[in-house]
Amino acid sequence: MIVKKNIPNIIFIAPAVILVVIFVYIFSGWNVWTSLTDWRIIGRMGKFIGVQNYIELFTNDDTFRMCFFNTIKLMAIFIGLTIPLGIICAIFLDLGVKGKGIFRTIYLIPLSFSFVASATMWSWMFMPDKGSINTLLRMLNLHFLTQPWITSTRQAIICVAIVYIWQFSGFATLIYYAGISSVDPNIIDAVKVDGATTFQKYSRVVIPLQKPATLTVLLILLMYSLRAFDLVWVLTGGGPAFSSEVLATYMYRVTFNQNLFAYGASISFVMFILSFIIIIIPVLIGTLKIRE
Amino acid sequence: MTRNALIYLVLIALAFFYIFPVYTLLNTSLKTDEDLKYGPVTPTHSIYFGAYIQAFNRIKKQLLNSAIIAVFATILSSVLGSMSGYIFSKFRFKGDKVIFLVLVLGFYIAPQSILIPLVIFMGKIGFFNTYYGLILTHVAYGMPITTLLFRNYYEGIPQELVDASLVDGCGTFNTYLKIFLPLSLPGFAVVGIFQFTNIWNEFLFGLTLTRGVAYQPVTVAVANLKGTTVVAWNTICAGATIATIPVVLIYIFLLKMIIKGLLMGSVKG
């Protein structure tokens, strides 16, 4: 009887479950298997070599190490600046002046750009000689502020982070704005009765209440910065001299340009483990906490 | 009065950061080859569409490809997501919470960690470099988020409605068809827009699952346009603009639904 009752349920969720099981979980496992072989020629099976690719990766591959730290650096700059910027935008929208809807729309427009389009646009911005930023600075007689941007090994990864900030701060703004708007009006009234200034209202009461919003934003930003590929690939190509190469672009280069499939798979698995540690475990903990 | 002026000043300064790159993009795209030497900041001397015509001719096939892939993948993933979201929202069965969690967690796994098997698999089943391959891929990786969005959307429909319908003798299927589908239109709009914009903007799968222009999506075409040195910047900027226009229009005119989608997807992550 119970089984019979469950049949329609199973049919309804079957497509979603089967697709995700195959495309996410079985493929992830398949990828691990690939990473344990020496496979590098299409049409011929690889030989099982155990964790040798990982040993090579962690002990002998300077580019990998560089990519690893570049990825961390990108995450740190990107997230460290996007969250405060999102909070500031949200507060200034919340101050409720006329025409705030227009500003909100403007802040959200970057979110509609594909990474490819924004990378294309920003590589035009960042060109050292003819690019928009340096041109503008020269027009304003601020020559001393012009930078080599993406042509500098020191600045390339920062440029990538800037474009990410441009693209995602609207998302952070939106989540914080929703969070700020949903603060209990009674609390706001009580704060006003206490004679707090606007600054105190936000810094002492409203912003400390935004922990759930921060968690949401953090999770999404972590996710997108770990898988960062399109933007780096089109903006800097990982250069100059691998100074902005991240795990995702290195994995692509190794796998599809150099045909080192097994080695590429081992980089992919490192990314899988990273997404597990920094994203999936926090989500699981969060889900369990909510249920308690 | 001064307080408001100060607020506007900050709002405008922030807006400048978001708008200035877009201004240089549009400004450059409207320039003639001759006008390019004045740089991207100086306003264009003429409203010239030559660059747009050139760019359009280079990417029109890929625009069509993207439209086909995004439309079919959006429809399929929305329908399947609404079916599974309906079950996870309104029915309790053994292991439902675990299955739901396993499903949704798929959203967080970096696409790189399944990319190599995906390419091999598509080759094996003959879907490499076809519309089917890309549509199937986008539908599969869309399932976690469409399921989550519809589950959250259906939470707003009272459980009593389902229970009453089941007591009346309507099965799971008829309840879905007669009660949920008619109430789902706003949900489909939100999820559909969310999916369409994401699939239209996707690059990595398009890059790895196609060869040549026949099935290549427009994002890959724009990246190639930028990658070739023979194309002038006004054409590159025009190409990037053309590829972005559909999504920007959706954002501007359907902003409410976009916001709803983003909030619905993140509130109960």
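Trainee: Where is N259(A)?
Mentor: N259(A) sits in the loop between α12 and α13 (261-291) of chain A. Keep in mind that this is a predicted model.
Trainee: What about the phi of N259(A)?
Mentor: The phi of N259(A) is positive, about 60 degrees, although the residue is not a glycine. Most residues other than glycine have a negative phi.
Trainee: How many C-beta neighbours does N259(A) have inside 10 Å?
Mentor: N259(A) has 13 of them inside 10 Å, so it counts as partly exposed.
Trainee: Now the loop between α11 and α12 of chain A. Which phi does F242(A) have there?
Mentor: F242(A) lies in that loop, and its phi is near 65 degrees, a positive value in a residue other than glycine. F242(A) is partly exposed, with 19 other C-beta atoms within 10 Å. The cut-off for buried is 20 or more, which means F242(A) stays in the partly exposed class.
Trainee: And the peptide bond from G239(A) to P240(A), cis or trans?
Mentor: That bond is cis, with omega near -10 degrees. P240(A) is placed in the loop between α11 (230-235) and α12 (247-257) of chain A. Most peptide bonds are trans.
Trainee: Switching topic: A161(A), buried or exposed?
Mentor: A161(A) counts as buried, with 24 C-beta neighbours inside 10 Å. A161(A) belongs to helix α7 (residues 156-181) of chain A.
Trainee: What is A161(A) in contact with, leaving aside neighbours within four places in sequence?
Mentor: On that basis, A161(A) is in contact with L74(A), I77(A) and F78(A).
Trainee: And what separates the C-alpha atoms of A161(A) and F115(A)?
Mentor: Those C-alpha atoms are separated by 12 Å, with the two residues 46 residues apart along the chain.

Note on methods:
Residues are numbered from 1 along each chain as its sequence is written. Chains are lettered from A and ligands numbered from 1 in the order in which they are written. This is a predicted model: local features need pLDDT of at least 70, side-chain atom pairs count only at pLDDT 80 or more; totals for chains, interfaces and linings use all residues. Helices (H or I, at least four residues) and strands (E, at least two) are DSSP runs, numbered from the N terminus. A residue is buried if 20 or more other C-beta atoms lie within 10 Å of its own, exposed if 12 or fewer, and partly exposed in between; C-beta atoms are placed from the backbone. Two residues are in contact if their C-beta atoms, placed from the backbone, lie within 7 Å.
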